Amino acid sequence: KASFVASISGDGRALVLRPLDTLSLQAGRALELWAVPPSGAPRSLGLIDADRATTLVRTRLLVDTAALAVSVEPAGGSPTGAPTGPIVSVGQVRL
C-alpha cells in the first residue's frame with residue numbers, strides 16, 4: 001500500500017499529489033492516477049512520480065469525482081484506458 005496527500009487549488013484546476021513514503025517500483029512500471037466517479041469507469045488523470053510531488057493542471061479536474069486511486073501500470077501508462085495493475089492507494093475526495 002502507498003499513501004498520498006492530494007491538495008487542490010481554490011479554482012479546482014490544479015491538483016498536487018505528494019507521496020508520504022517512497023514507493024519502490026519494478027523496472028518498466030509507473031504509477032497512474034485515476035479519478036473515480038460515483039458510478040461508471042475511472043478516468044486517467046496521468047502518470048505520477050513515486051518519490052516526489054506531481055502537479056496536474058486541467059480544467060474541470062474533479063468534476064464527477066468521488067475518489068482518487070493510484071494503480072501500478074506499464075511505464076507509459078495503462079494500455080487499455082482503464083486500470084490494469086494493482087490499485088496501491090485509494091481515497092475519497094472531500095471538498
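1. Strand 3 (residues 29-36) pairs with strand 4 in the antiparallel sense over five bridges. Strands here are DSSP E runs of at least two residues, numbered from the N terminus, and two of them pair if DSSP finds at least two bridges between them. Leucine 31 sits opposite isoleucine 48 in strand 4.

2. Keep in mind that this is a predicted model: local features need pLDDT of at least 70, side-chain atom pairs count only at pLDDT 80 or more, and totals for chains, interfaces and linings use all residues. Residues are numbered from 1 along each chain as its sequence is written, and side-chain values use heavy atoms, with hydrogens and water left out.

3. That strand pair belongs to an open, antiparallel sheet of four strands in the order 4-3-6-7. Its edges are strand 4 (43-48) and strand 7 (87-92), each pairing on one side only.

4. As for the whole fold, the protein chain has seven strands and zero helices. The C-alpha trace spans about 35 × 25 × 20 Å along its principal axes. Buried residues (under 20% relative accessible area, 1.4 Å probe, protein chains only) make up 37% of the 95 residues.

5. How does the radius of gyration compare with that of a compact globule? For 95 residues such a globule would have a value near 12 Å, and the protein chain has 12 Å, so the two agree. The radius is taken over C-alpha atoms, and the globule rule is 2.2 Å times the number of residues to the power 0.38.

Technical notes:
Buried < 20%, exposed > 50% of the residue type's maximum accessible area, 1.4 Å probe, protein only.
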